[in-house]
Amino acid sequence: MWEGLRLQVLLLCLGAVLWSSAAVAGSRGPQDRGHRHHHPSVYRNRERRKEGQVLHRSKRGWVWNQFFVIEEYTGPDPVLVGRLHSDVDTGDGNIKYILSGEGAGTIFVIDDRTGNIHATKTLDREEQAEYTLTAQAVARDTNKPLEPPSEFIVKVQDINDNPPVFLHGPYYASVAEMSNVGTSVIQVTATDADDPTYGNSAKLVYSILQGQPYFSVEPHSGIIRTALPNMDREAKQEYDVVIQAKDMGGHMGGLSGTAQVKITLTDVNDNPPKFAQGVYAMSVSEDKVPGEEVGRLKAKDLDQGENGLVDYTVLEGDGMNYFEISKDSETQEAVIKLKKPVDFETKRSYTLKVEATNPYVDPRFISWGPYKDTTIVKIAVEDADEPPSFMASSYTFEVEENAPGGTLVGRVHARDTDIANNPIRYLIPRYTDLEEFFTISPEDGTIKTTRPLDRESQAWHNISVSATEIGGHHQDAKVRVNIKVKDVNDNAPEFATQEEVLMCENVTPGTIIKTVSAVDKDEMAHRQHFHFSLAPKVANNLNFSLKDNRDSTANVMVIRRGFSRMTQDVYELPIEINDNGVPPMSSTNTLLIRVCSCDSKETILSCNVEPFVLPAGLSTGALIAILACIVILLAIVVLFVALRRQKKEPLIVLEEEDIRENIITYDDEGGGEEDTEAFDIATLQNPDGANGFLPRKDIKPELQYPLRPGLRPVANSVDVDDFIKTRISDADNDPTAPPYDSIQVYGYEGRGSIAGSLSSLESVTTDSDLDYDYLQSWGPRFKKLADLYGTKDSADDNS
């Protein structure tokens, strides 16, 4: 590549030299193409404003061309760009050439005598393609312009110094598998910084370096296309392709650049599902319940996404009624579940034909089908130790009430369905027959009563019977047994309601005053009804009669007039009721008839006898008013008494005021027990003697209480605990003590005290060497102080 570059630079330099020589040689001929010819005009053709003189346009007297310079020139000497020359320049050195503009003095320098322009630096066309400069010829001695300034352009001539570049690489593309040859995949484009208008430096040609024979690239457009038919994603999914872009039209000496293209084949549904085995073997225990999983199988589909989805169905087989199939959406497996219970003793194996299909089929590849597969699933039933099986799901028996104990009710039967056919033992769980009305034979399942049953107390008995196999795993089963107690006519009928009959004194004979009905706790047979009649002892009474309606009711009628409450207010009418059952049962029920006072319309006014014995003129309203007055007076008396009780006089009679509290406080510190000037210790020990006797108002002391045996002088005692207990006992047992709280402060404090000062003012900051073990002997009231001060020294010693 560099050899080609050096050859190109050499040719360009040679061309530039020839071009410059021709330009200098032809600058004197106005007919030369690409040159500008100017005549001298150094103030020689000045305008003269005389009459008859013709004015002429001044012309430039020096010539130059549009100059070119090759970029990236790295020779040892500056590059000659061109030469400026004016017609007024006679070669005597009196003219000076001046250069200004872009890069003047830095990039481009001029020989002020000869007008030769040189480039002192390496130029890059990609940075700046041309430079605009201004040239002027001036007098060397005066620097006065001899010609007006003129502009010219120095163009940087391009060389192939920039390789093609892919700006957006690496590239990622995808194409469907099984695509036809020539399917467009992606277009890649490279750019070249060289001048596209000059030569072939920017003319790019694309080629593929890696990726054949699967892909190809169009040389001029950079479009990548598939080159092989039926590329299978399941065989290879990703391809790494390298594309090259080369300038100079792809010829030798051109520069090149590459790009990585990763092409992925996307999936299409071109593969059917396939079972790995032609026959699958599974097993299920006969004790499994419907809904439990039996086994799984899977048809593998090499496609992805929805193209790889598989649905499963059962086509045929003797197990279609006992098994069902579903799909696990996460694993795409077929899940076979138990649909109905199976029995090892009945049938020991089942067969299913399972089909797997694709729910989505691509029409382009439907001819490649079929997109399904089938397999055989054989399911073996395993024997399990099953519980006994009753011959019926439930039993219903009947037994007559009042039947003696030991009466046969019925028999249940169960058997062991396993091959072992173990014997069965029967049992009635006690929680189903708490009162133990029944018993069962453990060997044959015969159920009998233990005592007579009463249908009216309990018409149905619902119990359970458990059957357990002897041997094996002691499996058991339970069955429901419903026992109906058949009715026996053992209850006599009675009135349906027990209520009095109210009858007016002026009732008319023949009036029906009551229609009676009856009930029977026993069951009534079809067309069975009650029969009513008067008891024999009142069959011939002159007051009432009874008519049986033959529909289990009877009418009670009055047969005379002239009833009076004053004579008799209540009549008892015994009525005999027969149920006509087998055996017939009857009972005698008494109907109470009360005579009442009525008005002319036979409206009952009163059925009581009290109004006849009350004083005349005193009505019920008057009685209520009197009772209300009595209640009001009682309330006033109770309120008055309550107010009087709230006013209590003080219990202690003092001269000036009623003192509710008596606080004796000694808050001064003295010299201790040895200091007798501060206060009298005898007064402290007996404050009652100092303050006098305070009598109670609510009692009157009749005698002077002597000194109690427990009270003794403690002036010289050092047992403070005993002293405090004594004072507390005196206060509690003194009947003359005030009935209010009395606070007495015993401030035994001072330097003379054996206990020392109890104040905490100095104990915080002062270290004492005293021994506080004696606090242990002061009793439980000083235990806290003894623990605080006694343990301190021991703690210090331990530390």
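A salt bridge is a side-chain nitrogen of Lys or Arg within 4 Å of a carboxyl oxygen of Asp or Glu. With that in hand, let us look at D311 and K327, which form a salt bridge with their closest N and O atoms 3.3 Å apart. D311 sits in strand β21 (residues 311–316) and K327 in strand β22 (residues 323–328), so this pair ties together parts that are 16 residues apart in sequence. Helices (H or I, at least four residues) and strands (E, at least two) are DSSP runs, numbered from the N terminus.

The model is predicted, so local features need pLDDT of at least 70 and side-chain atom pairs count only at pLDDT 80 or more, while totals for chains, interfaces and linings use all residues. Residues are numbered from 1 along each chain as its sequence is written, and side-chain values use heavy atoms, with hydrogens and water left out.

## Salt bridges

Side chains of opposite charge can pair when their charged atoms come close. A search of the whole structure finds 24 salt bridges.

| Pair | Distance |
|---|---|
| R225 and E218 | 2.9 Å |
| D311 and K327 | 3.3 Å |
| D362 and R364 | 2.9 Å |

How covered are these residues? Buried means under 20% relative accessible area, exposed over 50%, and partly exposed in between (1.4 Å probe, protein chains only). R225 is partly exposed at 25%, and E218 is partly exposed at 28%. D311 has a relative accessible area of 32% and is partly exposed; K327, at 33%, is partly exposed too.

## A buried threonine

Is T226 buried or exposed? T226 has 1% relative accessibility, so it counts as buried. This residue is found in strand β14 (residues 223–226). A polar atom of the T226 side chain lies 2.7 Å from the backbone oxygen of N180. Leaving aside residues up to four places away in sequence, T226 touches V175, N180, V181, G182, T183, V185, Y214, F215 and M231, where contact means heavy atoms within 4.5 Å.

## Backbone features in loops

Where are the cis peptide bonds described here? One runs from G169 to P170, with omega near -5°, and P170 lies in the loop between β9 (150–157) and β10 (171–176). Another runs from V582 to P583, with omega near -10°; P583 is in the loop between β41 (570–578) and β42 (586–598).

N230 is not a glycine, yet has a positive phi of about 55°. The loop between β14 and β15 (238–246) holds N230, which is exposed with a relative accessible area of 51%. E436, also not a glycine, has a positive phi of about 55°. E436 lies in the loop between β30 (424–427) and β31 (438–440) and is partly exposed at 43%.

## A nonpolar patch

On the surface, I626, L627, I630 and L634 form a nonpolar patch with about 390 Å² of accessible area together. Patches are made of residues with over 30% relative accessible area and no salt bridge; like charges are joined within 9 Å, and nonpolar side chains (Val, Leu, Ile, Met, Phe, Trp, Tyr) within 5 Å. Accessible areas come from the Shrake-Rupley method with a 1.4 Å probe, and for residues only the protein chains shown count as cover. I630, one of the patch members, is in helix α2 (residues 620–646) and is partly exposed at 44%.

Methods
A polar contact is a pair of N or O atoms within 3.5 Å; within protein, one must be able to donate a hydrogen and the other to accept it, and residues adjacent in sequence count only if both atoms are side-chain atoms.
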